[in-house]
Amino acid sequence: MNERGARVFASLTTLAFLLCASAAFAGGTSESTSGKKVQLVVWAWDKRATDTTWAASQEFMKLHPNIEVQAVNFGTQDAHDKVLTALVSGVGAPDLFLMEYWAVGRFEAMGALADLTDQLSDYQANYSPAVWALVSYKDRVYGLPFDGGPAAIFYRKDIFDNAGIPFPTNWQDFAAAGRKLAANGIYILPVQGEVATLWLFGRHASVSDYDGKILFDNPQVVDTYQWLGDRIAKDKSIYYKLPWDPSSYELIKSGKIAAVAAGFWYSGFGISDLAYTPDLSGKWRIAGWLPWKAGDGATGSFLGGAGFFVPKQSQHVKEAAEWMKFVLGRPESEYDQATKSGIFPFQLGAMKQLATQTPALYGGQQIYQTMMDELSAAPPVIYGPNYAPILNALNTALDRIALQGVPAADAIRDAAAQADRERVVK
Amino acid sequence: MRSKLGKYRTPYLFIAPFFVLFAAFVLSPIVYSLWLSLQEVVGIYVPLQFVGLKNYLDLVSDPRFLHSLVVTFTYTFFQVTIMVVLAVILALILDQRTLRGRNVYRLVFFFPVITSFIVAAMVFKLLLDKEIGLFNMLLRAVHMRTHAWLEDPTYALPSLITIGIWRWVGYQMVILLAGLQNIPAELYDSARVDGAGSLRIVFRITLPLLFPVIFFVIVMSVIGSLQLFDEPFILNMHGGGAGSGGPADSMLSTAIYLYQTGFLDFRLGYASAVGYVLTVVILAISLLQILTFGKRAGFAEI
């Protein structure tokens, strides 16, 4: 190559690199280059769960030929980190993103979410108040629910039957049942940090208010965490820290775990994974969240679950809201999600349609009816804008109580101080 | 100057892509995060608030940050020390020409380096599980006490150190092997002629001549270990939530704390300050190592 040729080659290479770099920067642009089509970029996670969503998107595109939906799947944590990075840097955010409900407060406090109250408030009547509270914040509406975590106790009826224990009706009886099972070398339940909040919300205990004030330093929380710590350390009836990953199935398959407390989304897991052990099919049952002690009224709780939201920087807020209404807002689409992916429907209409369904995994139980009953008793949950440091501090507190024998009153007091120090919204 | 630049225009153009990308993706974030560490970041549409050195001053009295430094130093000290000793021993053994199948062994020890850690972490979680883990099963078989290796705050960090050693020892071994090949064979021959035994040869010839490579391995490992992130992040991804510091914060490395403050709590200014302090600590320790042993290891020019 002569020098001139080499120079041209070098210039072109540099240019190519720069173009690649600028293309990377422009990853989230939403204007289509072909014609005037609007491109809606949607970020979500878990391909299995979102398959039905993408199928509904295809239908949506047929109805709106001027809109092209571009679906991108990440891992859960990746999706959160990428959304945060895009929002903070001001470029590259999608038009819609799947986000866990607990993060609504923190994104709202950052001023990152598009206010969809005008477009979506008509849909409020389709949902129960506790569910609507998950996608709204301080009376403004920011999205629609995708999957949800009304609390559920998935239990192995055969294990309880073999031990001659009827399934308990409150948590104090549950503790007694746990001690009996523990004597046979069976854990009644696995618990890891985040799961512990189920008991708090089930007892109507708030961890934070809408403005981010830390509220969990109170006797009710201390009492709940001491109770959990005692079950883990003294009774050895609760298996502490079963991770939500395939390694957990090995333990569940081994029959050493009698029940799992989770959000209803675990049934989506269950249908896809637990059903691979054919001998366990039909042995599972679902119970709604239990009252704290005998004589307490019915209650409910929430764990996890996610909805779709629109960042303020999206150029297509109107189209994004239309997508939500079609893909998430119709009872038919939720019905599809539930029957094909095992995702819990949140709309009252879809729930009624499903009430008589009896999935084989649960031995003919009307599981959706059980969940509907629970939802009608579930109190709304306020995660607040500082839920990440709150959860982190509570997790550490439970570790200290359960594993290091620290009294709950001390651990919770330290956790409240830690969360207060680390909260971003003061 | 101009004529010089004109003369070398083509080579400069050839190396330009690196510098352009470096400036865009490495240098500018470094400078920007320094700027960010002097700000309080409250929202996305709220202007940054200049707070001077407040973030740095807050760090001094932040018990979790100080705890994260203790965790990071403890991890680094034990992981690097044990790993380097093991790597040297493995390299010495696998350097023996008489050892049959030594390439197979080299490959086996190098496998963890090329294995995706996500996969390895899953395997370790199963191996170290308190109920169905192989490790506890073996302990039960010989009637020894079992432990929750990854969930108990007492054993979590030692488990993490062990996993760290498993992951990197093969890599260091390969570097040391390359160093061993550079030691002239005549030295060994003449030592043998002089009647030196194997151990004496190792301590008097091999190790002193290998010292520059060992030193390099130590410096690089310390830098790597002080940035400990992948292992605790992935191991705790599903147990205590992504980015958790492990049981009772026993695996809270400084890099994990940085992630928590930045990506979970959204305190981006504070997270930048954590990042800068970690960088300064790494620089200081590396410099200290080079000043102390650098001359012996052939870093005399520094």
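## Aromatic contacts in chain A

In this predicted model, ring pairs join Tyr155(A), Phe160(A), Phe167(A), Trp171(A), Phe174(A), Trp199(A), Trp227(A), Trp289(A) and Trp292(A) into a cluster. Over all chains, the structure holds 41 aromatic pairs.

**Exercise 1.** Classify the geometry of the ring pair Trp171(A) and Phe174(A), and state where the two residues lie.

*Solution.* Begin with the distance: the ring centres are 4.6 Å apart, and rings pair if their centres lie within 6.5 Å. Turn next to the planes, which stand at 65°, so the pair is edge-to-face, given that angles over 60 degrees are classed in this way. As for location, Trp171(A) and Phe174(A) both belong to helix H8 (residues 171-183) of chain A, where they are three residues apart, about one turn of the helix. Finally, Trp171(A) and Phe174(A) are both buried.

**Exercise 2.** Determine over which rings the arginines Arg203(A) and Arg330(A) lie, and at what distances from the ring centres.

*Solution.* Take Arg203(A) to start with: its charged end sits over the ring of Trp292(A), at 3.9 Å from the ring centre, and Trp292(A) is itself one of the members of the aromatic cluster. Then consider Arg330(A), which lies over the face of Phe326(A), with 3.8 Å to the ring centre.

**Exercise 3.** Decide whether Pro129(A) is buried or exposed, and describe its setting.

*Solution.* The relative accessible area of Pro129(A) is 68%; because exposed means over 50%, Pro129(A) is exposed. Its place is in helix H6 (residues 129-135) of chain A. Along the chain, Pro129(A) and Ser376(A) are 247 residues apart, while their C-alpha atoms are separated by 8.7 Å.

Terms used. Residues numbered from 1 in each chain as written. Chains lettered and ligands numbered in written order. Predicted model: local features only at pLDDT ≥ 70, side-chain atom pairs only at ≥ 80, totals over all residues. Heavy atoms only, no water. Phe/Tyr/Trp six-rings, centres within 6.5 Å; stacked < 30°, edge-to-face > 60°. Helix = DSSP H or I, 4+ residues; strand = E, 2+ residues; numbered from the N terminus. Buried < 20%, exposed > 50% of the residue type's maximum accessible area, 1.4 Å probe, protein only. Lys NZ or Arg CZ within 6 Å of the ring centre and 35° of its normal.
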